[in-house]
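Colleague: Before I use this model, I would like to go through the terms in its description. Please give me the value behind each one.

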Amino acid sequence: MNTEWYKTGEERQMAQTLIDMERKALNKFMNGDTSLYAELWSQDSFSYHDMGFDHRVDTYEEIRQFLDNLNGKLKAESYEFSNPRVQFAADGRIGILCYKLIGSTYHNDMRYHCVEVFERQKDGQWKVIHSTWAVIRPFEMDFSKIRKHLNIV
């Protein structure tokens, strides 16, 4: 983690916390277990963008269905989580994590720029209120194979 981006030691610690939370969820996700994303993503206020959907997901219920359907089906042969950076709002309640994800699963290759918008809740816990997985160009993905496998229309 490049520490020069952070204004204080507290900000650096918060950034490391968010990066660690994401890495743990991603490690499980890439081994077929979606449970940590289900916990990490806010049940109260959530939205999601991914080229695999033809619309923005606006509810936790819809993303939870997607995660449940994906559970146990996606396994990465390899993946790389690189160049993470967290930027904070002035009040420290919002942290935006950006990173690059390159991986190879049994269904497709992944090349994403990922953005997770974290909000610190009243109880002090961090939850993701928005997630975007944007395909890196010029790489084009054909989602038809994975949609068929996962029964996603």
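Colleague: How do the residues of the lining of the largest cavity divide into nonpolar, polar and charged?

Modeller: This is a predicted model, and in it the lining holds 16 nonpolar residues, two polar and two charged. Tyr counts as nonpolar and Asp as charged, so Tyr112 and Asp50, both among the lining residues closest to the centre, fall under those headings.

Colleague: What makes this space a cavity, and how many of 30 Å³ or more does the search find?

Modeller: A cavity is space where a 1.4 Å probe fits but cannot get out. The search of the whole structure finds one of 30 Å³ or more. The largest cavity holds about 270 Å³. Its lining has 20 residues, and Phe66, Phe143 and Ile146 are also among those closest to the centre. Strand E1 (47-50), helix H3 (60-70), strand E4 (109-120) and helix H4 (144-150) each give two or more residues to the lining.

Colleague: Why are E1 and strand E2 (76-88) said to stand at the edges?

Modeller: The five strands follow the order E1-E5-E4-E3-E2 in an open sheet with mixed pairing. E1 and E2 each have a single partner strand, so one side of each lacks a neighbour in the sheet. On average, neighbouring strands are turned by 20 degrees against each other, direction ignored.

Colleague: How do you know that E2 pairs with E3?

Modeller: Pairing takes at least two bridges; DSSP gives 10 between E2 and E3, so they count as paired. These strands run antiparallel. Ala76 has Thr105 as its bridge partner, and Ser78 has Ser104. Five residues lie between the strands in their hairpin, where Gly92 in the turn has a positive phi of about 75 degrees.

Colleague: What makes strand E3 (residues 94-105) and E4 a pair?

Modeller: Here there are 11 bridges against the required two, so E3 and E4 also qualify. Their direction is antiparallel. Ile102 stands opposite Arg111, and Lys100 is opposite His113. A hairpin of three residues joins E3 to E4.

Colleague: Which strands does helix H1 (residues 9-29) lie across?

Modeller: H1 lies across E2, E3, E4 and strand E5 (126-135). Its angle to E2 is about 160 degrees. Angles run from 0 to 180 degrees between N-to-C directions, so this value takes direction into account.

Methods:
Residues are numbered from 1 along each chain as its sequence is written. This is a predicted model: local features need pLDDT of at least 70, side-chain atom pairs count only at pLDDT 80 or more; totals for chains, interfaces and linings use all residues. Side-chain values use heavy atoms; hydrogens and water are left out. On a 1 Å grid over the protein atoms alone, a cavity is a set of points where a 1.4 Å probe fits but cannot get out, and a pocket is an open set with protein on both sides within 12 Å along at least five of seven lines; lining residues have an atom within 4 Å of a point. Grid points are joined across faces, edges and corners, and a volume is the space filled by probe spheres set on the points. Helices (H or I, at least four residues) and strands (E, at least two) are DSSP runs, numbered from the N terminus. Contact means heavy atoms within 4.5 Å.
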